[in-house]
Structures are given as C-alpha cells and as structure tokens.
Amino acid sequence: MIPASFDYEVAESAEHAVALLAEHGDEAKLLAGGHSLIPMMRFRLATPTVLVDVGRLDDLRYINADNGTISIGALTRHSELEHSELLARSCPMMASVAALVGDPAVRHRGTLGGTLAHSDPASDLPAAVLALGGTIVARGPSGDREIAATDFFTGYFESALADDEMIVEVRVPASDAGWNYQKFNRRAQDWAIVGVAVADAGAGVSLVNMGSTPLRASAVEAAVASGASAADAAALAAEGLQPPSDLNADADYRRHLARVFTQRALNAAGVA
Amino acid sequence: MESITLAVNGTERNLEVEPRTLLVHALRDDLRLTGTNIGCDSSSCGACTVLINGQSAKSCTMFAVQADGADITTIEGVADSDGTMHPMQQAFHEHHALQCGYCTPGMVMAAISLVEEYPDLDDQGVRHGLEGNLCRCTGYQNIVNAVLAVAGSGSKGSES
Ligand SMILES: Cc1cc2nc3c(=O)[nH]c(=O)nc-3n(C[C@H](O)[C@H](O)[C@H](O)COP(=O)(O)OP(=O)(O)OC[C@H]3O[C@@H](n4cnc5c(N)ncnc54)[C@H](O)[C@@H]3O)c2cc1C
Ligand code: FES
Ligand code: FES
C-alpha cells in the first residue's frame, strides 16, 4: 500500500531535528533508515503527518573507541557495524549481531539509533546493547542526557525517549571476552523467534522476543555470578517471564527455547 | 510536491514527487523504468532491489525524496551500451538461473552488490546473502551457481 500523505522536512543537524520535533509535537516522527517506519506506514499502522529526515546527518555515522568505551553515532548503519574492524577487535558482539539483522539490503539502510528507538522486543541489536550494559545518548531541546540501556526499553515498542528527543549516540564498553549471540528463527531473513545475547562471560545476559521489551535475564546473571553451571543458570532463563504466543511459537515453547539457547550461549561464551 | 534529482543509470533526472512516493514507483511510473519489479507489500521479496550509491536497497522501502542526490542503478543500467550483458546477467543466462524471470532484476542487483561486499563467498554465503530475495520458481540452486561463478571469476564489476 501507499503510505498516507505527510510533510517532509530534511534535518540539517540533530539540533534542527529536535527543534522540528518540538515544533510539530507527537504528529512528527524522525525518519532514519526507514526500515521499520516505512513498512509500518505502508500498512498504515503508522500515519505521522510530518517526517523529519535525519538520514543525511553523516556526522552521526561513526564508530570511535576511547578509554574502553566505544561510541557509535546513531545514524551508523547495520552494515557499517558488521564490517567495522574496530568493532571486530574491541566489541565483536556488536559486529556479529549486526550481521544477523535481516538481509544485506536491510543492513545497508537500517541504523543503530533507529532500531533502538523502535524498541521492538524481537530485534537483535537492542539485546546486544542491553547485554553489554550500554548507554543511549538522547538529545532534546535542553541538551543531552544519558539513558542506561537497562532503563531505556519501557514497553511494547516504547522507549524512555520523549517525543522531542533524538538518539545521537550509543555507547558500549569495549568487551571481547566471553560473548555469544543465539538467534533462533525458521525463515530466512526473519526476526528471532527467541534470541539470547551473552556478554562478559555471563555477567550480562539478555533475551529477545521473550516479553514486551528486550529483557535482561537477571536470574541467569545472578546464578552465573554465584558460580552456577551453565545448565543450572540457563534453567532460570524464563523465570517470571510472560513471552508472547504467536503463529511461530506459543509461550511455553518460547520458555523452552529460552532455556536451551541460554545454555548454548553461555557454553559458547565459556561458562561451563 | 518536492523537487528531486536522481542520477539514474548515469543520467541526471529531475522529478516532482509527493513525499510519500516510494522510490520504486518513481522509477517505474515517472521514469518508466519498469525493469524493477514489485512483488510484495512487506519489504520481504527483494523484487524491487536497486543499487543506491553502489549498495543494494529495496526501492519499495525508501521514499524517492530520501534518494535525492543519490546515484541509482537499476537493471536497465547494468549492461554495456553495446548490449554486452553484465557478467552477472551473463552468468544467470549461462546457469539457467531464471524461469519466469520475475525475481531476476532484483536478484541480479542484489547479487552484484553481494559479490562486491563479501569477498570469498561460498555456497552458504550466497544463500545467506540472497535471503532477502525470493524466487518462487528456480529452487535457488542455479541462482547460487551463477553468483558463485561470478564471485570466483574476478569479473564482478558493478559498473555499467
Ligand atoms: C525485511 C526486513 C527485515 C528485518 N529483519 C530484522 C531482523 O532480523 N532483526 C532486527 O533486529 N531488525 C530487523 N529489521 C528492522 C531493521 O533493523 C530496521 O532497520 C531498524 O529496526 C530500524 O532502523 P531504521 O534506521 O530503519 O529506523 P526508521 O525506520 O527510520 O525509524 C524507526 C523508528 O525509530 C525512530 N527513530 C529513528 N532514528 C531515531 C533516532 N536517532 N532517535 C530517535 N528516534 C529515532 C523513528 O521515528 C521511528 O519511530 C528488518 C527490517 C526489514 C524491512
Ligand atoms: S517489492 Fe520491495 S521487497 Fe517486495
Ligand atoms: S524465476 Fe520466477 S520468481 Fe524467480
């Protein structure tokens, strides 16, 4: 279908984008890679009346390392994460999770800021940022604020961003030890039915598509920290969770998958 | 309406489009480049794949205004002006990599981008790399053979 009509504004800078958002209120949306927003607009699930195109803000496409922190510009594309030598060295989970998003054409357009802002519980990179204990830098009319990834995802497709805030940067700690990402799906190019990200040998464990947001598996993390085996820790992966039921999997099957893939991810990350 | 300029297959084209016009519609309906097909409503079939600044993109999942100022290559632009097919087209021909041909323009564009982006492609690499392009006829084996032939031959040139 053809999306509903909207007014189109090109942002000259992040500040300009934020000013346009503030001016137009909740009728306006940022357009980054468009690979979540345009499909929703084509199904008329989203009908913003103003789109603010931030896709040309090339100064927000970068990956830098400084003192153990990696800073990634919000407009960095999935394919740029995937092929980044800096990430391959200093935070390989981000590169390798990015390589599993959709297909190459999706990765050429989709951005890190976009996938975080979209806050789809089934998406891959938000889970990686969450397991790594990353930070999201949001710019608003009164300046920048830092939001811990653990506080960022507030509900089904909802984030802690205000209507007039834009993600400008994402920070993750440099971390190349004991990581793994498991993505279970049945169709090529699809979102995860269940996914598990493990960072820092089990200190950070997050789950994909096991609830209304990307989730930290705190019970698993605590068990690993107290010396439990991967099998015993993984048995707690679905504890207290209400995963969705859909055509791909009912909630019980998802709980089973979470336990199985958490154990595999922990083992691959070096937890015995 | 917005005024945009697209460099399509090496020629600058000026267009007036509604912001909501999808790039694929601008290409097909305004520029009459109907080689780029539309196969779905959900960004999942890849029939509409073109190159934007040399990289594969689904032209149904972009507004034409987002491509303002970009270089766009469609299937019409990959053969030489004397009609010599692009190595990828030639490989599809030689390996019988099409039946009805509906997916083929998108498949060829995605494959041209794929061999540029990933050196050392093997069978699995091609299959993963083309997972965003659906073919309802061939069963994929001959498509994979065609792409591997180009990937292994050193003649990947994405230039027309
Ligand atoms: C065929 C297909 C397959 C896919 N498969 C997967 C998959 O396997 N795994 C997966 O994780 N994802 C998948 N995706 C989604 C893809 O990763 C999207 O690119 C991503 O979710 C959104 O990024 P974007 O830059 O395209 O955002 P857009 O679509 O431009 O924007 C998405 C939302 O975020 C807002 N936004 C964008 N940028 C910012 C910003 N900087 N600050 C604040 N708000 C912002 C927008 O206003 C909008 O509400 C797939 C998409 C498609 C089309
Ligand atoms: S028409 Fe573009 S992906 Fe199907
Ligand atoms: S040849 Fe018919 S869809 Fe691919």
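The model is predicted: local features need pLDDT of at least 70, side-chain atom pairs count only at pLDDT 80 or more, and totals for chains, interfaces and linings use all residues. Residues are numbered from 1 along each chain as its sequence is written, while chains are lettered from A and ligands numbered from 1 in the order in which they are written.

Start with chain A. Three of its strands form an open sheet in the order E1-E3-E2, with parallel pairing. Strands here are DSSP runs of E with at least two residues, helices are DSSP runs of H or I with at least four, and both are numbered from the N terminus. Two strands pair if DSSP finds at least two bridges between them. Strand E1 (7–10) and strand E2 (28–31) of chain A stand at the edges with a single partner strand each, so one side of each has no neighbour in the sheet. Neighbouring strands of this sheet are turned by 25° against each other on average, direction ignored. Axes are lines fitted to C-alpha atoms, for helices over the stretch in contact, and angles run from 0 to 180 degrees between N-to-C directions. E1(A) runs parallel to strand E3 (50–53) of chain A, and four bridges join them. A:Asp7 stands opposite A:Val50 in E3(A).

Now the ligand. Ligand 1 lies between chains A and B. Its shell holds 33 residues, and the closest are A:Gly33, A:Gly110, A:Gly113, A:Gly114 and A:Ser123. A residue is near a molecule or strand if its C-beta atom, placed from the backbone, lies within 6 Å of it. Which elements of chain A each supply at least two residues of this shell? They are E2, helix H2 (37–42), helix H6 (104–109), helix H7 (112–118) and strand E10 (166–173). H7(A) gives the most, with five residues. By class, the shell has 14 nonpolar, 16 polar and three charged residues. Ala, Val, Leu, Ile, Met, Phe, Trp, Tyr, Cys and Pro count as nonpolar, Asp, Glu, Lys and Arg as charged, and the others, Gly among them, as polar.

Turn to chain B. It is divided into domain 1 (2–76) and domain 2 (87–153), with bounds from an automatic or database domain assignment. The C-alpha centres of the two domains lie 21 Å apart. Their contact takes 14 residues from domain 1 of chain B and 12 residues from domain 2 of chain B. Contact means C-beta atoms, placed from the backbone, within 7 Å. On the domain 1 side, strand E3 (49–52) and strand E4 (55–58) of chain B give two or more residues each. E3(B) gives the most, with three residues. That side has six nonpolar, eight polar and no charged residues.

E3(B) and E4(B) also belong to an open sheet of five strands, ordered E2-E1-E5-E3-E4, with mixed pairing. Strand E2 (11–17) and E4 of chain B are the edge strands. The twist averages 40° from one strand to the next. Strand E1 (2–8) and strand E5 (71–73) of chain B pair in the parallel sense over two bridges. B:Val8 has B:Ile72 as its bridge partner in E5(B).

H3(B) lies across E3 and E4 of chain B, at about 35° to E3(B). The buried residues of helix H2 (87–94) of chain B pack against helix H3 (104–117) and helix H5 (141–153). They are B:Pro87, B:Met88, B:Gln89, B:Ala91 and B:Phe92. A residue is buried if 20 or more other C-beta atoms, placed from the backbone, lie within 10 Å of its own, exposed if 12 or fewer, and partly exposed in between.

Definitions and conventions
Contact = placed C-beta atoms within 7 Å.
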